[in-house]
Amino acid sequence: MRTKIVAGNWKMNKTLKETEALLTELSAKRPDTDAEVIVAPTFVNLDAATRHLESSVIQVAAQNMHHAENGAYTGEISADMLLDIGVDTVILGHSERRALFGETDDFLAKKVDTAMAKNMRAIFCFGEELQDRRAGNHFKVVEAQLKNALFHLGADAWQRIVLAYEPVWAIGTGETASPEQAQEMHAFIRKTINEKYGASVAQNVTILYGGSVKPNNAKEIFSKPDVDGGLIGGASLKADDFVEIIKAI
Ligand SMILES: O=C[C@H](O)COP(=O)(O)O
């Protein structure tokens, strides 16, 4: 059985007080579920979030990290810094990091390697842009992103990889991939992994969908056989919406 996950990527939102208030509300309202529930607040509030959730089943992830051990990388955060405050899951390759901060597949491969070397879990994001889908290149683009950043890994490492397929045209736009489009791509991703690593890795890897998942569309998207949960942006910023999405898994 694959692990089901609902993760909230808070992006650059929420002050410390707001973070604590949202976590308090989420802890109180969180429904009983077998799925893992993860929140990813901004770096400055990660330590407070881990302390706040110490006895909670809600887990904390970072939104990014640098691949280097330490050194002259102004503004960056290392794996050891995250591990030191009890954060062992990190989102890598979000499309905003790729588009706004120039992160390439090769650069991301280094981050993935560091995460694996440090025994962390990576939630690896990828997905095509609107122009790729319009041109019918979406499968090719997604396959290349996967291969370039992840296919150098050994099969064992895949136990600590979570994939998050996020079509860029659906992020924060209110336009979501249809459940059928999500399923079609997730099945393609699983097939591509199967070809390289075999059925066991392919069947066990958790593949999340991300892009305008809301309380009113989550159930239908999550009902698809190859969709194992979601990476939620905007709707994870309100406890009631996020809780509804957790209930949908
Ligand atoms: O990481 C989350 C994704 O970027 C989705 O964001 P969204 O739910 O606001 O579209």
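Mentor: Let us begin with contact: two residues are in contact if their C-beta atoms, placed from the backbone, lie within 7 Å. Helices (H or I, at least four residues) and strands (E, at least two) are DSSP runs, numbered from the N terminus. This is a predicted model, in which local features need pLDDT of at least 70 and side-chain atom pairs count only at pLDDT 80 or more, while totals for chains, interfaces and linings use all residues. Residues are numbered from 1 along each chain as its sequence is written.

Trainee: What span should the 19 residues of helix α8 have?

Mentor: The expected span of a helix is 1.5 Å times one less than its number of residues. For α8, residues 179-197, that rule gives 27 Å, and the end C-alpha atoms are 26 Å apart, which agrees. After α8 comes Gly198, whose phi is positive, near 95°.

Trainee: Which residues of α8 are buried?

Mentor: A residue is buried if 20 or more other C-beta atoms lie within 10 Å of its own, exposed if 12 or fewer, and partly exposed in between, with C-beta atoms placed from the backbone. In α8 the buried residues are Ala182, Met185, His186, Ile189 and Ile193. Seen down the axis of α8, they fall within an arc of 100° (the arc of the directions from the helix axis to the C-beta atoms), so they line one face of the helix. The face turned away from this buried side carries the exposed residues Glu180, Lys191 and Glu195.

Trainee: What covers the buried residues of α8?

Mentor: The cover includes α7 (138-150), β6 (161-165), α9 (199-204), β7 (206-210) and α10 (218-222).

Trainee: How is α7 to be read, and which of its residues are buried?

Mentor: The 13 residues of α7 reach 18 Å from the first C-alpha to the last, close to the 18 Å expected at 1.5 Å a residue. Its buried residues are His138, Val142, Gln145, Leu146, Ala149 and Leu150. Viewed down the axis of α7, these fall within an arc of 95°, so they line one face of the helix. They pack against α5, β5 (121-126), α6 (130-134), β6 and α8.

Trainee: At what angle do α7 and α8 pack?

Mentor: Axes are lines fitted to C-alpha atoms, for helices over the stretch in contact, and angles run from 0 to 180 degrees between N-to-C directions. Angles under 35 degrees count as roughly parallel, over 145 as roughly antiparallel, 65 to 115 as roughly perpendicular and the rest as oblique. The axes of α7 and α8 are 11 Å apart, and the helices pack at an angle of about 45°, and are therefore oblique to each other. Phe139, Val142, Glu143 and Leu146 in α7 meet Met185, Phe188, Ile189 and Thr192 in α8.

Trainee: How do the axes of α5 and α7 cross?

Mentor: Helix α5 (residues 105-117) and α7 have axes that come within 7 Å and cross at roughly 45°. That makes α5 oblique to α7. Asp105, Asp106, Leu108, Ala109 and Val112 of α5 make the contact with Gln145, Asn148, Ala149 and Leu150 of α7.

Trainee: Where is Lys224 found, and which residues does Lys224 touch?

Mentor: Lys224 lies in the loop between α10 and β8 (229-232). Lys224 counts as partly exposed because it has 17 C-beta neighbours inside 10 Å. Not counting residues up to four places away in sequence, Lys224 touches Pro179, Ala182, Gln183 and His186.
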